[in-house]
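Please look at the sequence and the structure below before reading on. The briefing then goes through them topic by topic.

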Amino acid sequence: MSTAAALRAKSVSLNGVSIHFGEGAHAVQALDAVDLQIPAGQFVSILGPSGCGKSTILNAIGGFGNLSAGQVYVGDERVHGAGPDRGIVFQQHTLLPWKTVITNVEFGLKMRGVPARERRQSAREILEQVGLGEFLHHYPHQLSGGMQQRVNLVRVLVNRPGVILMDEPFCSLDAQTRLQMQSMLLELWAALGMTVIFVTHDVDEALFLSDRVVVLSRRPARVIDEFSVELPRPRTREALTDPQFMRLKRRSLEQLLEGPRQLSAHRQAAASESRGV
Amino acid sequence: MNTSVTRVLPSALSDEDELRAASLPRVSQSTRRTALAVLGGLLSLSVWIGLWQLASVNDWNFFFRFENIPAPTDVAAAAADFLTSPKLAAHVWSSVRRIFIGYGVASVLAVGLGLLIGRFRLVSHATLPALEVLRPIPAVAWIPLAILLFASAEQSMVFITFIGAFFPVLLNTIHGVETLDRRLLHAAITLGAGPVALFREVILPGAMPSIVTGLSIGMGTSWFSLVTAEMISGQFGIGYYTWEAYTLQNYPNIVLGMISIGLLGMLSSSLIKAAGRYFMPWFKPNGGAA
């Protein structure tokens, strides 16, 4: 990381963001007045049931798709479209199949006009750092899923984005590769310090990685819970059995499985049952 | 696309990386398979030629009248004459030159236009309706108009080869752009690609497999159209040679002309395919690349 330019982490804020798709009777509301303030350099996970609109939030921050209401700011600037200050990592890798590993990683630097020697050097360094030094000239289809996703991640990070948006990036990997990727991501984050917004439906993953977890409701998505994870860093697998971890996990699961409204109804029913019969 | 493959591997999963990267094609097995395929091909070919020889020599008249059909040995004799005569080079060169110009111009225009049509709705709306009307018209049907359009027969024949190649290349290029994975475009945009870079770095290479398919099909249709045009309005050219052989009742040369057309078409198509493989080492036709 030494020779590359320093990274300036950026804050992200969503002010009353609503998004709906379609029109008239077929309109579907994906986001309902979401407010979210994320300080620069924080690692935030967005947790929610499948299909709740988690990806829609990332698209809004990334600058794809139109807001129905509200504003998104990254740093001091209002978001109007996609830009290289916000790197996006999708669930399935989006490496260009016709470029080798190193030319894929160089791509963003090339687009910004960085001279060939310099960008090759930066790409090589970051690839070596994530253990892919021997695969610089392979094509993406010659790599395993875990390696593809590693290349995908460093292709974004080599540009030193202030924010990275990750959309369930590890969910198609096998369990062991996934754990390796999580640790690697934390190392890179510790070294670079960018803001990370990480979307997942996996509670363990969210708690293990994040400073803060935001829980969304079912569609239309609203923020129904939000809490800090104050486990010490650097985190190890021991964090997974920490009492705080267990408590937050139970809290997240309750929110995810039942949601606040159903939860309270359930409790009332249980209470009346114990009183009556 | 889900490319994960279940592997029967009891060992640790981290080994998978090395295994996958180190797996090399098994050379000995694939060469043996190629050799067998070539041998089988030659065998089947010689059986059919043998049958043809029998039919011609014995004047079989069973639905097909073989009495006027030259035997393979006659054709071989004619081929030996033809190969040593200066006429060969003149005929082949005329045809190849027409292909080179007509097909070349068609490819450049069709790829360029196809990229724009696939990418910009405005261009698509402005051009596609007219192109859709012209597309089903066979190149042969253009011949009378081509003769009126151009001053010389030479130009009209080149135009016919152009027509033959243009539509397959165009349609495949459009298809290639339209079926491009949109996430690749999004990823490239977030990495800072502008409109020009997007064309050069993502859209053109992404559509390339489909373009090569179009170029290969176009090569075939281009020869097909050229031969027809040469038969009708040509002087020199391999199609003209074949038709001339018929009018002069020089029957072995008809077959010789046909075989030459087949070989030239096959050769040029395989050149296109080889070029495609050379320029797209990343592309795996079975199963895709992503």
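This is a predicted model: local features need pLDDT of at least 70, side-chain atom pairs count only at pLDDT 80 or more; totals for chains, interfaces and linings use all residues.

Residues are numbered from 1 along each chain as its sequence is written, and chains are lettered from A and ligands numbered from 1 in the order in which they are written.

**Chain B as a whole**

- Chain B has eleven helices and two strands, where helices (H or I, at least four residues) and strands (E, at least two) are DSSP runs numbered from the N terminus.
- Read from the N terminus on, the elements of chain B follow the order α-α-β-β-α-α-α-α-α-α-α-α-α.
- Of the 290 residues of chain B, 33% count as buried, a word used when 20 or more other C-beta atoms, placed from the backbone, lie within 10 Å of a residue's own.

**Two helices of chain B**

- Helix α4 (residues 86-119) of chain B and helix α7 (residues 153-178) of chain B have axes that come within 7 Å and cross at roughly 30°, the axes being lines fitted to C-alpha atoms over the stretch in contact and the angles running from 0 to 180 degrees between N-to-C directions.
- That makes α4(B) roughly parallel to α7(B), a term for angles under 35 degrees.
- The residues of this contact of α4(B) with α7(B) divide into 21 nonpolar, six polar and three charged, with Ala, Val, Leu, Ile, Met, Phe, Trp, Tyr, Cys and Pro counted as nonpolar, Asp, Glu, Lys and Arg as charged, and the others, Gly among them, as polar.

**Where the chains meet**

- The contact takes 24 residues from chain B and 30 residues from chain A, two residues being in contact if their C-beta atoms, placed from the backbone, lie within 7 Å.
- On the side of chain B that touches chain A, the largest share, six residues, comes from α8(B).
- By class, that side of chain B has 14 nonpolar, five polar and five charged residues.

**Cores and a covered helix**

- The largest nonpolar core has 119 residues, and those with the most contacts inside it include Ile197(A) and Phe166(B); such a core is a set of buried Ala, Val, Leu, Ile, Met, Phe, Trp, Tyr and Cys residues joined through C-beta atoms within 7 Å.
- Apart from it lies another core, of five residues, among them Val75(B) and Ile254(B).
- Helix α1 (residues 54-62) of chain A is mostly covered, with nine of its nine residues buried, and just after α1(A), Gly63(A) takes a positive phi of about 95°.

Notes: Angles under 35 degrees count as roughly parallel, over 145 as roughly antiparallel, 65 to 115 as roughly perpendicular and the rest as oblique. A residue is buried if 20 or more other C-beta atoms lie within 10 Å of its own, exposed if 12 or fewer, and partly exposed in between; C-beta atoms are placed from the backbone.
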